[in-house]
Structure formats: C-alpha cells, structure tokens
Amino acid sequence: MKISAGYLPGLAADAVQWHTLTFGEGAQRVDVSVPQLTPAQLVTLAAHVRVQGRAQLQSMPVSQIIGAIDRAIERLLNPADPYRLELELLLPRISGFDAEMVRLGLNAYLKTFRAPQLQRFVAEDFANPKLLDEFQPRPKGGMARALGPELLVHVWAGNVPGLPLWSLVCGLLVKAPAIGKVASAEPLFASLFARLLAEVEPRLAEVLAIVWFKGGDTASERALFAEAEVVLAYGGNETLTALRQHVPITTRFLPHGHKLSVGLVSAAALDAQRMQAVARAAALDVVRYEQQGCYSPHTFYVARGGRVTPREFAQALAGELAALQHKFARRPLSLEEAASVAGWRQAQEMQGYDGAVELLGDAQTAWCVAYAEQASALLPCALNRTVQVQALERLDEVVPLLAAQREVLQTVGLAAAPRELHALAEQLGRAGATRLCALGQMTAPEAGWHHDGRFSLLDLVRMVELEASAEDAAESFAPYRD
Amino acid sequence: MNQTVTTAMQGATDGLVADLLAFIASPGATDEAFNALALRLFAHQFQHNAAFQKFCQQRGRTPRTVKRWQDIPAVPINGFKDLTLSCVPPQSCERVFMTSGTTRGDVKGRHYHPQLRVYDRSMTLNFRARFMAGRDRMRLGILFPDERLMPNSSLAHYLALALHDFGTPDSRYYLGAEGLQLDDLCATLAQVQAGGEPFALLGASYSFVHLMDALQARSLKFQLPAGSRLLDTGGFKGQSREMAMDEFYDALSITFGVPSSACINMYGMTELSTQFYDDGNAVLPAVKSGPHWIRSRVLDPLTGQDRPAGERGILAHTDLGNYNSVTTILTEDVGVQVDGGFLLLGRAQGAQAKGCSLAVDEFLRAAR
C-alpha cells in the first residue's frame with residue numbers, strides 16, 4: 001500500500017520532489033512518500049509558517065491552544081476515528097512493533113496529552129501560565145512576558161511511535177510555529193498529527209510543517225537551521241555533533257542524546273507474594289518498544305536478603321518474558337540487530353565460564369536474561385529483549401556502578417519500600433538520573449515530566465522583562481503628570 | 001603438565017601438523033579428506049584447549065556428536081579477546097599475533113602460533129597462486145611497517161613473507177617508524193615507470209588512501225608498466241577517510257595506471273592462518289575465495305544455521321591452518337554465498353538503536 005507523509009502549508013504538492021521510503025515486505029509492505037524540499041523551498045516554507053504563526057498562533061491564549069490539542073488527542077483516543085485507525089494500521093508495519101503493543105502504548109501515551117494534563121504541564125514550568133499570553137506583574141517589581149521562538153525546528157529520530165508528539169506539543173504550548181523533520185524510520189505520526197490539528201482548529205492549519213530529508217544532508221540542514229530561533233534535535237551523539245555544526249551560534253540548540261535506564265529491586269519487594277508482580281512489571285518495561293526508548297531498562301540490580309534470591313528473581317523475569325512473547329511477539333530482527341544480540345549473548349556466555357554469568361534463554365528464544373551473582377558497572381545491552389540481572393547486598397551499592405554512565409543515565413525504575421526510596425532518590429539524582437518511577441512505568445513518563453531533567457517549555461522561551469525603572473520613568477512622561 | 005604427557009602430546013601434534021602440511025600440498029583433496037582432517041583437528045583442540053572445550057560443551061558439541069565439519073562450533077572472534085584459545089601453553093609459542101583492537105578499546109584478540117611453519121606454508125602457496133600471476137618473483141613495494149616495528153601484527157608478517165619469498169632484491173618497505181617515505185617511493189615509481197619492469201605495491205587499504213592523498217597534493221600520477229599489480233587489505237578502520245569501493249579502485253587505477261582487474265584485495269584476519277583473495281576489482285563487489293584448506297559459510301547469527309544461497313548472513317570460516325587455536329571462527333563480517341566463493345559486504349556493526357536508547361554497538365564505537 002502507498003501513502004504520503006509530510007505536511008506543507010503554503011506549498012503545492014506538485015511543486016516539490018517526493019521520495020519513497022519502504023517498510024515491511026509482502027502484504028505488509030507500505031510505501032511512504034515523503035516531501036524532499038530544496039534548500040530554497042525550505043526557506044520559503046519557513047517564512048510562510050513564521051508569518052502564519054505571528055498572525056494566528058501568537059494571538060491565541062494558551063488555554064485555547066490546549067483546547068485544540070485536547071480535541072485532536074480526543075480524536076486519536078477514539079478507536080473509531082479514521083486518524084486513529086490509520087495509526088493502528090500503519091505504525092506496526094512501519095516500526096515493526098507488535099500491533100497490540102502499539103495500540104496499548106498509544107493509549108497510555110496519548111492520555112498524558114489531555115487538557116488537564118496539558119494545563120499541569122504548563123504549570124510545571126510556569127507558576128503563572130498567563131506569562132505566555134501577556135505581560136504579567138513580577139513580585140520583584142516590573143513585569144515580564146514569555147515569548148516562544150518565531151520558528152522552532154524539530155529533528156526527530158527513531159521509530160518509537162509518537163515520540164514527535166512530545167516536542168510538537170511543547171512548541172505549540174509556547175506558541176512557536178514549527179517545522180519538523182521526520183525520521184526515515186517513522187515518518188507518519190507527526191504528519192498525521194499536523195493534518196488532524198488543522199482539521200480540529202483551522203487557526204493552526206498553517207503554523208506547522210512536516211518535511212523529510214536524508215540525515216547528513218548538510219545543505220538542507222544549514223538552510224533550515226539558519227531560519228530557526230531554536231533547534232530541538234534527537235539522536236545519537238554522533239548525529240547531534242554533526243547537526244550542531246550547522247546551527248548558527250545565535251540559535252539555541254537543544255539536543256536530546258541517547259540515554260540509558262535501569263531498574264532497582266529492593267529485598268522488600270522480594271517475597272513470594274509480591275515478587276511475581278514485580279517481575280511482571282519489569283518484563284513489561286523490557287518488552288515495550290523492544291527497549292528502543294531512552295527510558296527502557298538495560299539492567300536490573302536486585303538486592304539480596306529477601307525471601308526470594310536475586311537469581312530466583314532473574315528466573316521469574318525470564319518466565320515473564322517468555323509469557324509476554326506469546327502476547328507481544330518480538331518483531332523480526334534485521335541481520336545487524338541479530339548479530340548485535342548474538343554478539344552480546346556470546347560475550348555474556350564467555351564471561352560465564354568462571355561461573356560469573358548465567359544465561360537464561362537460549363539462542364532460539366526471543367529474549368535473554370544474563371544473571372550475575374556479582375554486580376558490575378552499568379553497560380548497555382543489545383536491546384530487543386536482552387537484559388541483565390545483577391545481585392547486590394544493598395541497593396545503594398548501585399551508585400558507584402552507575403558513575404561511568406552519568407552523562408547518559410535517565411530513568412531509574414524502582415520497587416522499594418518508602419524509606420529506601422527516599423534515601424536512594426537523593427543518591428540517584430546525584431548519580432545523574434533525572435527520572436525515578438515505579439517498575440512497570442518506565443516507558444510511560446507522566447505528563448509534564450522534565451525530559452532529561454530539563455524544562456521542556458522554559459528552555460524554548462525567551463523572557464522579556466519590563467523593569468520597574470521603565471515603569472517609574474514612564475510616569476514622568478505621562479500626560480497626567482503633575 | 002608432566003614431561004611424559006608433554007612429549008606424548010608433542011608427538012600427536014607433530015603427526016597432525018605433518019598430515020596437515022600434506023593436505024595443504026594436495027590440491028585435489030576431496031570433501032571427505034577435508035572433513036576427516038577438520039574432525040581430527042576438532043578432537044585435538046577439544047582435548048587440549050580447556051576454554052574451547054567449555055565453549056563446545058555449553059553447545060552440547062563434543063567429538064562424539066560432531067560428525068561434519070559444519071557442526072564444529074564457530075568461536076566468535078571476541079573469543080580471541082576473552083579466552084585463551086591455544087592447545088599449548090601460550091608462553092611456549094613462537095609468535096602471538098594480536099588484533100589492532102579497533103572495536104573494543106585496548107582489549108586485543110590473541111592468536112597463538114606454536115611455530116609458523118603452517119602459517120607460512122599456507123600464505124606462500126596461496127599468495128603465489130592468487131597474486132603472482134605466474135611469476136616467481138617481482139619487484140615489490142610494501143606500504144606497511146616491518147616485523148621489527150610491529151612484531152604482533154599478522155599483516156606485518158604476511159608482508160615480510162611476501163617480500164622475502166616473492167620479492168626481487170630491490171624490493172623494500174616504504175613505510176618506517178617515521179611514516180611514509182614519500183620521496184623514495186616517488187623516485188621508485190618514476191624509475192619503474194621508465195624501466196618497464198612490472199611492479200607491485202602492497203599494503204593496508206588506508207595506507208593507499210594516505211599515499212593517494214599525498215600524491216595528489218604533489219599533482220603526481222603514474223603509469224606503471226603492464227603486469228604491475230596492487231594489493232590492498234583491511235579496509236580503512238578509521239585510519240583514513242572512508243572511501244566507497246568503486247571510488248577507491250577508480251582512484252587506484254587513475255593514480256598508478258594499474259587496471260582495476262589487477263588490483264587485488266586480500267581479506268585476512270588475525271584469527272585465521274589463511275587468506276582470501278579476489279581476482280581483481282573490475283566488477284564490484286568482487287568474489288572472494290580461499291584455497292582448499294579453508295571453507296566458508298554464511299550463517300544466521302542467532303541460530304547458527306546456514307543462510308540460503310544469495311541471502312545475507314554472518315561469515316564463518318573453517319581454516320585447517322588454525323591447528324593450534326580453533327579451526328572455526330564466527331566473524332563480524334556480513335557476506336553472501338555466490339558461485340565460486342562469497343561476497344564481503346562490510347561489517348555487521350551499525351546496529352544503531354532505532355529509538356533513543358543507547359545501544360551496545362554505539363557505546364563501543366564511542367569508547368574506541
């Protein structure tokens with residue numbers, strides 16, 4: 001089947017070149033044509049979106065923007081809506097992820113973008129959200145106003161369904177007209193969202209554009225970034241380093257690099273009653289999106305001293321992964337991915353010769369747990385349901401093991417008693433973690449989370465301060481002065 | 001090990017090596033003979049190499065259950081880093097070849113050679129057949145450091161053998177401790193061009209890139225005499241800029257006046273004792289093949305099963321020349337089985353995470 005992606009307000013479809021991206025094989029094959037603009041067309045598009053943004057978006061109160069996003073999200077949550085049906089049909093084919101996994105993941109994710117959650121999201125960063133609408137008095141004196149960028153450029157990466165929605169919504173909430181560059185691995189979601197938004201709120205029909213070009217197309221990157229006030233980019237450090245070279249020094253560059261996450265299981269969670277549920281939650285965190293997310297766990301560190309040993313927990317986790325394979329089958333791996341998984345397995349196996357590592361799951365199973373009695377420093381696994389379980393005497397022994405990954409550490413999923421949780425929170429934060437959550441919730445950050453520890457909205461805006469001195473001085477020039 | 005056992009083992013090994021050298025010397029050897037020798041070597045390695053024995057046992061493979069050479073467990077090349085793969089104590093070995101350690105920081109793979117008789121015999125027979133084009137000797141230029149500078153490099157030893165066994169007296173190295181001896185090499189190339197005797201330049205692929213860049217900076221090109229040949233090996237390994245294969249061989253022929261059909265690529269590995277060659281690079285990718293004492297398969301990396309002909313998989317090689325380490329290795333190279341050999345399609349790395357999670361491959365690249 002053939003579909004088209006991209007969204008180009010102000011540009012005729014036949015005025016641009018189209019490139020075809022192919023996903024899947026046989027009956028599952030999808031050809032997605034994506035618009036490939038010339039650098040000059042990108043500049044024209046940027047000008048159009050910027051002008052429309054000024055005229056339409058910037059005059060809307062935040063509450064109305066939230067209302068529009070809410071209506072779009074409501075449509076996407078409706079199982080009978082044509083946009084929803086298209087996502088459910090195509091995202092699994094494009095990403096290769098299990099269809100039911102995509103459906104459940106979408107629901108959990110979209111729910112965090114309803115109106116009350118969006119209001120909370122704004123309130124997280126702005127104690128007074130009206131700063132985004134007009135000048136507001138400041139406690140220190142004077143007034144202030146938060147202005148979003150005249151043009152925001154998104155560069156998305158990867159195939160985790162829905163990822164672009166996150167930054168798209170951030171941009172809209174600060175009233176930034178935007179051009180998004182979709183990833184070759186998943187060009188659909190952002191395009192559909194832009195179309196749907198135009199349908200539910202005509203004032204937003206020309207303030208977003210969705211384009212595509214090949215990664216490393218420096219002419220396009222340079223042309224587009226030169227137009228932007230803020231560039232928000234996702235990708236590996238190599239990609240981000242390359243992108244940054246084309247961003248003018250006066251343009252704010254907000255990189256989101258690849259991240260690592262881990263799970264921690266306290267002895268308090270390891271009794272016969274609770275252990276199975278904890279293992280189930282941990283397995284779900286591994287299976288969801290095949291560990292492709294920054295929030296996906298690579299290692300579970302498990303404390304000794306509970307009724308259930310760390311090794312028994314590893315076995316329970318393996319059992320849950322085996323059970324989940326029936327419900328959400330792992331997608332077929334590319335040769336490179338298979339080689340990576342095989343290489344990881346072999347490396348674990350060779351470490352196991354002195355009894356240090358025990359592999360659960362053989363080469364034929366679609367998952368693999370590597371259990372170690374002796375915990376070691378956190379290292380990435382091979383993704384696609386490969387995970388380590390390592391035993392510790394006490395949970396806080398994990399802190400030095402995370403030290404080398406400080407720059408890339410993100411989420412820590414925990415199953416621990418309150419006292420431990422709060423004591424660990426401080427230490428984990430210092431170790432580099434930016435998000436602590438329950439096991440089973442690792443892949444579903446709550447609405448308004450501070451992605452990678454940053455202020456998702458505040459980082460986008462520019463504060464304009466009207467100082468008290470100007471107000472005072474103005475008084476002396478007032479027509480009513482004495 | 002006590003003296004009696006050592007002597008008995010030495011006797012067994014000597015017999016094995018003698019039979020192996022005889023096999024290498026008989027081009028008409030049958031499949032059955034290959035299989036029989038592979039199984040003998042497997043039994044020998046299983047018995048005398050504890051790490052390999054564990055590796056096999058974990059897969060349920062022993063000399064009792066393995067009846068075909070294809071069933072010998074393939075040891076991933078990382079095994080040469082993590083395990084000691086030798087039937088004799090490593091300290092008793094004449095030479096240890098080490099990998100350049102490009103993928104895992106400074107952890108180097110080690111290939112132990114008790115003596116180099118088998119390696120040298122394998123190299124020289126094969127080199128004569130695949131590179132010398134009927135000549136006994138020719139003038140060679142080597143674009144690689146010598147064995148004194150790189151005693152643990154299998155490529156340095158390979159090139160030293162080429163120079164010693166196939167080079168005329170005026171053959172020499174053009175790369176020393178101070179780098180490329182460009183003036184000397186330019187003088188030689190000019191002299192050879194005028195003289196009309198065929199010349200061969202051999203070295204790492206990345207050295208050719210450096211050389212071509214240096215020649216271009218001097219606006220120099222050569223038209224080497226008919227019969228001249230080039231041999232490159234090893235790819236670019238981050239040592240020079242990356243070039244596409246067609247671009248590389250086009251540039252070689254333009255710079256040296258040697259047709260792509262006389263530009264031979266050697267595919268060798270520290271973990272092997274035998275090399276593969278193509279018959280020129282006029283058509284890309286060129287078909288690679290080896291002599292009768294090495295066989296290659298294209299595998300599914302997870303299941304270890306053969307891939308159907310024409311489908312991509314990971315290359316595994318069974319090299320009878322590896323009599324002391326392990327006969328069968330699993331590479332990280334992607335290949336396709338074709339008539340007359342296999343196509344080499346690059347490395348299987350680049351399994352970049354498609355999402356935003358750090359993947360082990362990316363991590364290793366960054367840690368380099």
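Is Glu311(B) buried, partly exposed or exposed, and what is the relative accessible area? Glu311(B) is partly exposed, with a relative accessible area of 36%; buried means under 20% relative accessible area, exposed over 50% and partly exposed in between, with a 1.4 Å probe and protein chains only.

**Basis of the model**

This is a predicted model, in which local features need pLDDT of at least 70, side-chain atom pairs count only at pLDDT 80 or more, and totals for chains, interfaces and linings use all residues. Residues are numbered from 1 along each chain as its sequence is written, chains are lettered from A and ligands numbered from 1 in the order in which they are written, and side-chain values use heavy atoms, with hydrogens and water left out.

The model scores ipTM 0.81 and pTM 0.86. Chain B has an average pLDDT of 91, and 92% of its residues score at least 70; pLDDT is the predictor's confidence in each residue, from 0 to 100. Among the elements of chain B, the lowest mean pLDDT, 59, belongs to helix α10 (residues 360-367), and the highest, 98, to strand β11 (residues 276-277). Helices (H or I, at least four residues) and strands (E, at least two) are DSSP runs, numbered from the N terminus.

**Salt bridges**

Side chains of opposite charge can pair when their charged atoms come close. Over all chains, the whole structure holds 42 salt bridges, each defined as a side-chain nitrogen of Lys or Arg within 4 Å of a carboxyl oxygen of Asp or Glu. The table lists some of these pairs.

| Salt bridge | N to O distance |
|---|---|
| Glu229(A) and Arg462(A) | 3.4 Å |
| Arg295(B) and Asp31(B) | 2.9 Å |
| Glu311(B) and Arg307(B) | 3.0 Å |

Glu229(A) is partly exposed at 26% relative accessible area, and Arg462(A) is partly exposed at 38%.

In chain B, Arg295(B) and Asp31(B) form a salt bridge. This pair also links distant parts of the chain, with Arg295(B) in strand β13 (residues 294-299) and Asp31(B) in helix α2 (residues 31-48), 264 residues apart. Arg295(B) has a relative accessible area of 23% and is partly exposed; Asp31(B), at 47%, counts as partly exposed. Arg307(B), the partner of Glu311(B), is partly exposed at 28%.

In chain A, Lys2(A), Arg29(A) and Asp31(A) are linked in a network of salt bridges.

**Helix packing in chain B**

Two packed helices are described by the angle between their axes and the distance between the axes. Helix α7 (residues 182-195) and helix α8 (residues 205-217) of chain B pack at an angle of about 80°, with their axes 12 Å apart. Axes are lines fitted to C-alpha atoms, for helices over the stretch in contact, and angles run from 0 to 180 degrees between N-to-C directions. The helices α7(B) and α8(B) are therefore roughly perpendicular to each other, a class that covers 65 to 115 degrees, whereas angles under 35 degrees count as roughly parallel, over 145 as roughly antiparallel and the rest as oblique. Leu182(B), Leu185(B) and Cys186(B) of α7(B) make the contact with Leu211(B), Ala214(B) and Leu215(B) of α8(B), where contact means heavy atoms within 4.5 Å.
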